[in-house]
Amino acid sequence: MTLNEYTNKNNSNPLHPEKLITTIYSPTLDSINYWFLQRSINLYGEALAKIIAFEKTGFGSTEKGVELLKDFWNEHGIEKSAINIIDGSGLSPQNRVTTDALVKVLQFAKTRSWYSSFYNALPMYNGMKMKSGTIGGAKAFAGYHSAKNGTAYTFAIIINNYDETAGSIIQKMYKVLDELK
């Protein structure tokens, strides 16, 4: 993606600029995705939802981007009731997703040409390639793992409304995930 800046010094019509001042190039999508997954830069998710809307409709709104995402996943076998997306960042407490929907998304990714870039962008936790998620009493992990015997797993685990510390819940989740090893 590029951002072009123009000067309109002597021209009152902003749709017809006089001269290109500069061009700013965005990092590549795989680079953006890497930092989005590695460091949970949630602003990137919000921007990506808006870019999707802009590319499809000419107007980049979160609401339209979310609608397009829901429609896309519905067309690929995920019921709309399985995902409740409010924003692109994932920070809204109203966001909801089922483990089944997460696994279907991850399995879909495995069929795409960009899968290796996506897979390599996933963080490593507990010896497994997976993304973590945390918000208001909920903790989740979703990702991929190949067991010692060669069995390939695509998994998602979500714990809601826990009363313990996040650290103790994570250790218990790792213990469950260790069964895949």
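Me: Two strands pair if DSSP finds at least two bridges between them. With that in mind for this predicted model, which residue in S6 does Tyr125 stand opposite?

Reply: Strand S5 (124-125) is an edge strand of its sheet, pairing on one side only. Its pairing with strand S6 (residues 128-135) runs in the antiparallel sense over two bridges, and the S6 residue that stands opposite Tyr125 is Met128.

Me: What is the order of the strands in the open sheet of four strands?

Reply: Strands S5 (124-125) and S8 (152-160) are the edge strands, each of them pairing on one side only. The pairing in this open sheet is antiparallel, and the four strands follow the order S5-S6-S7-S8.

Me: Which helix packs on the sheet and touches S5, S6, S7 and S8?

Reply: The helix in question spans residues 166-177, and its direction makes about 30 degrees with that of strand S7 (138-146).

Me: Are H2 and H3 roughly parallel or roughly perpendicular to each other?

Reply: Two packed helices are described by the angle between their axes and the distance between the axes. For helix H2 (residues 42-57) and helix H3 (residues 62-75), the axes come within 7 Å and cross at roughly 80 degrees. Because angles of 65 to 115 degrees count as roughly perpendicular, the relation of H2 and H3 is therefore roughly perpendicular.

Me: How many charged residues are there in the contact of H2 with H3?

Reply: On the H2 side the contact includes Glu46, Lys50 and Lys56, while on the H3 side one of the residues is Lys64. Alongside five nonpolar and three polar residues, the number of charged residues in the contact of H2 with H3 is four.

Me: At what N to O distance do the side chains of Lys64 and Glu67 meet in a salt bridge?

Reply: Both residues lie in helix H3, three residues apart, which is about one turn of the helix. Lys64 is partly exposed, with a relative accessible area of 28%, and Glu67 also counts as partly exposed, at 39%. Their salt bridge is one of five in the structure, and its N to O distance is 3.2 Å.

Me: In which helix do Lys104 and Asp100 both lie?

Reply: The side chains of Lys104 and Asp100 meet in a salt bridge at 3.2 Å, N to O. Lys104 is partly exposed at a relative accessible area of 34%, as is Asp100 at 44%. The two residues are four residues apart, about one turn, and the helix that holds both is H4.

Terms used
Residues are numbered from 1 along each chain as its sequence is written. This is a predicted model: local features need pLDDT of at least 70, side-chain atom pairs count only at pLDDT 80 or more; totals for chains, interfaces and linings use all residues. Side-chain values use heavy atoms; hydrogens and water are left out. Axes are lines fitted to C-alpha atoms, for helices over the stretch in contact, and angles run from 0 to 180 degrees between N-to-C directions. Angles under 35 degrees count as roughly parallel, over 145 as roughly antiparallel, 65 to 115 as roughly perpendicular and the rest as oblique. Contact means heavy atoms within 4.5 Å. Ala, Val, Leu, Ile, Met, Phe, Trp, Tyr, Cys and Pro count as nonpolar, Asp, Glu, Lys and Arg as charged, and the others, Gly among them, as polar. A salt bridge is a side-chain nitrogen of Lys or Arg within 4 Å of a carboxyl oxygen of Asp or Glu. Buried means under 20% relative accessible area, exposed over 50%, partly exposed in between (1.4 Å probe, protein chains only).
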